[in-house]
Amino acid sequence: MGGSSPCASCKLLRRRCAKDCIFAPYFPSDDPHKFAIVHKVFGASNVSKMLQEIPVHQRADAVSSLVYEANARIRDPVYGCVGAISYLQSQVSQLQMQLAVAQAEMLCIQMQQEPSLPTQLDDEDQKSLLLASNNFNSMPQFLSFSSSSNIVMQEPLKKESLWT
Ligand SMILES: [Zn+2]
């Protein structure tokens, strides 16, 4: 990366690319947009200062983080990266709720299965089914509840409308 072909930063800043140019290893001349966006958001002198303050082996990671943050700031001038983070966090908690609802529905359906019905469950499911039915025998309320299984079975499906 000699003086003959300046790095993307020096090209944009219209200056001579020195042998020890701090930008040269991270902003190659074939990717001018990468430096342009970082320069636009953070300013070249700030980027230079930041790079000088951190050890050489961490500079590549710092640059890719700066590029990511600059892109996020362009897309979302108010929140930048924070917008993406909070969007993903809300998605995670929404999916966790969906998972909890699905697991509760699974439990409900498992408990409503009647042991006399021919089932295609594997051994483990049948064991838990037997355990569950043993518990039901001592609970007459539950037995009469599961006899009207048509109504009960449909109830969990209504919850799906929450997520559509
Ligand atoms: Zn340079």
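Colleague: Is Lys-49 buried or exposed?

Modeller: Lys-49 is exposed, because 12 other C-beta atoms lie within 10 Å. The cut-offs are 20 or more other C-beta atoms within 10 Å for buried, 12 or fewer for exposed, and partly exposed in between, with C-beta atoms placed from the backbone. This is a predicted model, in which local features need pLDDT of at least 70, side-chain atom pairs count only at pLDDT 80 or more, and totals for chains, interfaces and linings use all residues. Residues are numbered from 1 along each chain as its sequence is written.

Colleague: Where is Lys-49 found?

Modeller: Lys-49 sits in helix α3, residues 44–53.

Colleague: What share of the residues is buried?

Modeller: Buried residues are 11% of the 164 in the chain.

Colleague: Which residues of the largest nonpolar core touch the most other members?

Modeller: Cys-7, Phe-23, Phe-27, Phe-35, Val-38 and Leu-66, out of 14 residues in that core. At least two core residues come from each of α1 (8–13), α2 and α4, and α4 gives the largest share, three residues. A nonpolar core here is a set of buried Ala, Val, Leu, Ile, Met, Phe, Trp, Tyr and Cys residues joined through C-beta atoms within 7 Å.

Colleague: At what angle do α2 and α4 pack?

Modeller: Helix α2 (residues 32–42) and helix α4 (residues 56–75) pack at about 65°, with axes 9 Å apart. That makes α2 roughly perpendicular to α4, a term that covers angles of 65 to 115 degrees. Axes are lines fitted to C-alpha atoms over the stretch in contact, and angles run from 0 to 180 degrees between N-to-C directions.

Colleague: Which residues make that contact?

Modeller: From α2, Lys-34, Ile-37, Val-38, Val-41 and Phe-42; from α4, Leu-66, Val-67, Ala-70, Asn-71, Arg-73 and Ile-74. Contact means C-beta atoms, placed from the backbone, within 7 Å.

Colleague: Changing topic, what is the phi of Arg-14?

Modeller: The phi of Arg-14 is positive, about 55°, although Arg-14 is not a glycine. Most residues other than glycine have a negative phi. Arg-14 lies in the loop between α1 and α2, and it counts as exposed because it has 7 C-beta neighbours inside 10 Å.

Colleague: And which residues does Pro-28 touch?

Modeller: Cys-7 and Ala-8, leaving out residues up to four places away in sequence. Pro-28 and Ala-8 are 20 residues apart in sequence, with 5.5 Å between their C-alpha atoms. Pro-28 is also in the loop between α1 and α2, and counts as partly exposed because it has 16 C-beta neighbours inside 10 Å.

Methods:
Helices (H or I, at least four residues) and strands (E, at least two) are DSSP runs, numbered from the N terminus. Angles under 35 degrees count as roughly parallel, over 145 as roughly antiparallel, 65 to 115 as roughly perpendicular and the rest as oblique. Two residues are in contact if their C-beta atoms, placed from the backbone, lie within 7 Å.
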